[in-house]
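Visitor: I would like to go through this model slowly, with the cut-offs stated as we proceed. Could we begin once the sequence and structure are in view?

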Amino acid sequence: MPAVAFHFNASDKQAYAVRLLRKAFTRGARTHVLLDREMATRLEVDLWIRVAGDFLPHCLDDSPAPVLRRSPIVLGPSVMQVQPEAQVLVNLSEMLPDSGLIGRYQRIIEVVSTSPRDRELARQRWRWYRESGMEPERHDLGASEGSTHQ
């Protein structure tokens, strides 16, 4: 079973995700990011320009197979179906990851904003993980937004 961590109170989910992905990339972890297509497109732009000269190699989940194989970061709503597998799944979406595929990952990170809707949906996902036999960890980003708490 994967280790599950909830990173709560991200004031800017996208900016936090960029920092988190940079950290995973520097550690050599292949990472899938589960999010809707619109947010994937915005995050893709940020991965190019958030920090000048600091490109993080990535692709969208509907990229050609050779690109998917070479990309350490893959973004999109069908990312869990992508081969090759990744060590880390970052969930920026409102949905639960596919229960039949979460065992592929060593670590799942749920990033939760400060919005009431996002927090309520995160509570539902937290309960689901616990009912599935996983004990999520809680990391409150409100006190230290500049850290990725891994």
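Visitor: At what angle do helix α1 and helix α2 pack, and how far apart are their axes?

Guide: This is a predicted model, in which local features need pLDDT of at least 70 and side-chain atom pairs count only at pLDDT 80 or more, while totals for chains, interfaces and linings use all residues. Residues are numbered from 1 along each chain as its sequence is written, and side-chain values use heavy atoms, with hydrogens and water left out. Helices (H or I, at least four residues) and strands (E, at least two) are DSSP runs numbered from the N terminus, and axes are lines fitted to C-alpha atoms, for helices over the stretch in contact, with angles running from 0 to 180 degrees between N-to-C directions. For α1 (residues 13–26) and α2 (residues 37–49), the angle is about 55 degrees and the axes are 10 Å apart.

Visitor: Which orientation class does the pair α1 and α2 fall into?

Guide: Angles under 35 degrees count as roughly parallel, over 145 as roughly antiparallel, 65 to 115 as roughly perpendicular and the rest as oblique. The angle between α1 and α2 is about 55 degrees, and the two helices are therefore oblique to each other.

Visitor: Which residues make the contact between α1 and α2, and how many of them are nonpolar, polar and charged?

Guide: With contact meaning heavy atoms within 4.5 Å, α1 contributes Lys-13, Gln-14, Ala-17, Val-18 and Leu-21, and α2 contributes Met-39, Arg-42, Leu-43, Asp-46 and Leu-47. Ala, Val, Leu, Ile, Met, Phe, Trp, Tyr, Cys and Pro count as nonpolar, Asp, Glu, Lys and Arg as charged, and the others, Gly among them, as polar. By that scheme the contact of α1 with α2 has six nonpolar, one polar and three charged residues.

Visitor: Is Val-18 buried or exposed?

Guide: Val-18 has its place in helix α1. Buried means under 20% relative accessible area, exposed over 50% and partly exposed in between (1.4 Å probe, protein chains only). Because its relative accessible area is 2%, Val-18 is buried.

Visitor: Which backbone oxygen does the side chain of Ser-63 reach?

Guide: Ser-63 sits in the loop between β3 (59–60) and α3 (65–70), and with a relative accessible area of 19% this residue is buried. At 2.8 Å, the side chain of Ser-63 reaches the backbone oxygen of Leu-60.

Visitor: Which peptide bond is cis, with omega near 0 degrees?

Guide: The loop between β4 (73–76) and β5 (88–91) is where Pro-84 lies. The cis bond is the one from Gln-83 to Pro-84.

Visitor: Which residues does Glu-85 contact, leaving aside its neighbours within four places in sequence?

Guide: Glu-85 is also found in the loop between β4 and β5, and at 41% relative accessibility Glu-85 counts as partly exposed. Leaving those neighbours aside, Glu-85 is in contact with Arg-30, His-32 and Arg-104.

Visitor: What is the relative accessibility of Glu-110?

Guide: Glu-110 is found in strand β6 (residues 107–113). Leaving aside neighbours within four places in sequence, Glu-110 is in contact with Ala-5, Phe-6, His-7, Asn-91, Pro-97, Arg-125 and Tyr-129. Glu-110 counts as buried, because its relative accessibility is 0%.

Conventions
A polar contact is a pair of N or O atoms within 3.5 Å; within protein, one must be able to donate a hydrogen and the other to accept it, and residues adjacent in sequence count only if both atoms are side-chain atoms.
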